[in-house]
Amino acid sequence: FPTRRSSDLQKYECIGDIRIIGLLITFEIVKNRVSKEKDDEFTERILYYCLRNGLSFKLSNGNCITWHPPLIVTRQQLAFAFNLLEEAIVYLLNKE
């Protein structure tokens, strides 16, 4: 399930890389997909948008959104997380 939804997010240029191992999921947020220049500010804005709307996660390296849900996470909870992350990206890109 995470792999299918994560590939939907790759259409956004701000997603430099998505790494998934089991339920450990990391999204690297960049200014430019070619140069891989970090976008710490945009990553932080995504974090605060998601926090305000019910999703908590950690940032690592300044520009990496890291999820590590419990093994009892439901498909509905994962879908909520992916949908909210995409909503945040779309909302914040349109605000710029």
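1. Basis of the note. The model is a predicted one, in which local features need pLDDT of at least 70 and side-chain atom pairs count only at pLDDT 80 or more, while totals for chains, interfaces and linings use all residues. Residues are numbered from 1 along each chain as its sequence is written, and side-chain values use heavy atoms, with hydrogens and water left out.

2. Overall build. The chain holds three helices and five strands, the helices being DSSP runs of H or I of at least four residues and the strands runs of E of at least two, numbered from the N terminus. Read from the N terminus on, the elements follow the order α-β-β-β-α-β-β-α. The radius of gyration, taken over C-alpha atoms, is 12 Å, close to the 12 Å that the globule rule gives for 96 residues, so the chain is as compact as a globular protein of that length; the rule itself is 2.2 Å times the number of residues to the power 0.38. Along the principal axes, the C-alpha atoms fill a box of roughly 35 × 25 × 25 Å.

3. Pairing around β2. Two strands are said to pair if DSSP finds at least two bridges between them. Strand β2 (residues 24-32) pairs in the antiparallel sense with β1 (residues 15-21) over six bridges, and isoleucine 18 stands opposite phenylalanine 27 in β2. Strand β2 also pairs with β5 (residues 64-67), again in the antiparallel sense, over four bridges, with cysteine 64 in β5 as the bridge partner of glutamate 28.

4. The two hairpins. Strands β1 and β2 form a hairpin with two residues between them, and glycine 22 in that turn has a positive phi of about 60°. Strands β2 and β3 form a hairpin with four residues between them, with lysine 36 in the turn; β3 covers residues 37-38 and pairs with β2 in the antiparallel sense over two bridges.

5. Most residues other than glycine have a negative phi. Lysine 36 has a phi near 60°, a positive value in a residue other than glycine, and asparagine 61, in the loop between β4 (58-60) and β5, likewise has a positive phi of about 60° although it is not a glycine. Lysine 36 is partly exposed at a relative accessible area of 36%, whereas asparagine 61 counts as exposed at 55%; here buried means under 20% relative accessible area, exposed over 50%, and partly exposed in between, with a 1.4 Å probe and protein chains only.

6. Glutamate 37. This residue lies in strand β3 and is the bridge partner of asparagine 32. Leaving aside residues up to four places away in sequence, glutamate 37 touches Val30, Lys31 and Asn32, a contact being heavy atoms within 4.5 Å. Glutamate 37 is partly exposed, with a relative accessible area of 42%.

7. Of the 96 residues of the chain, 41% count as buried. Among the contacts with a separation of 6 or more, residues 24 or more positions apart account for 50%.
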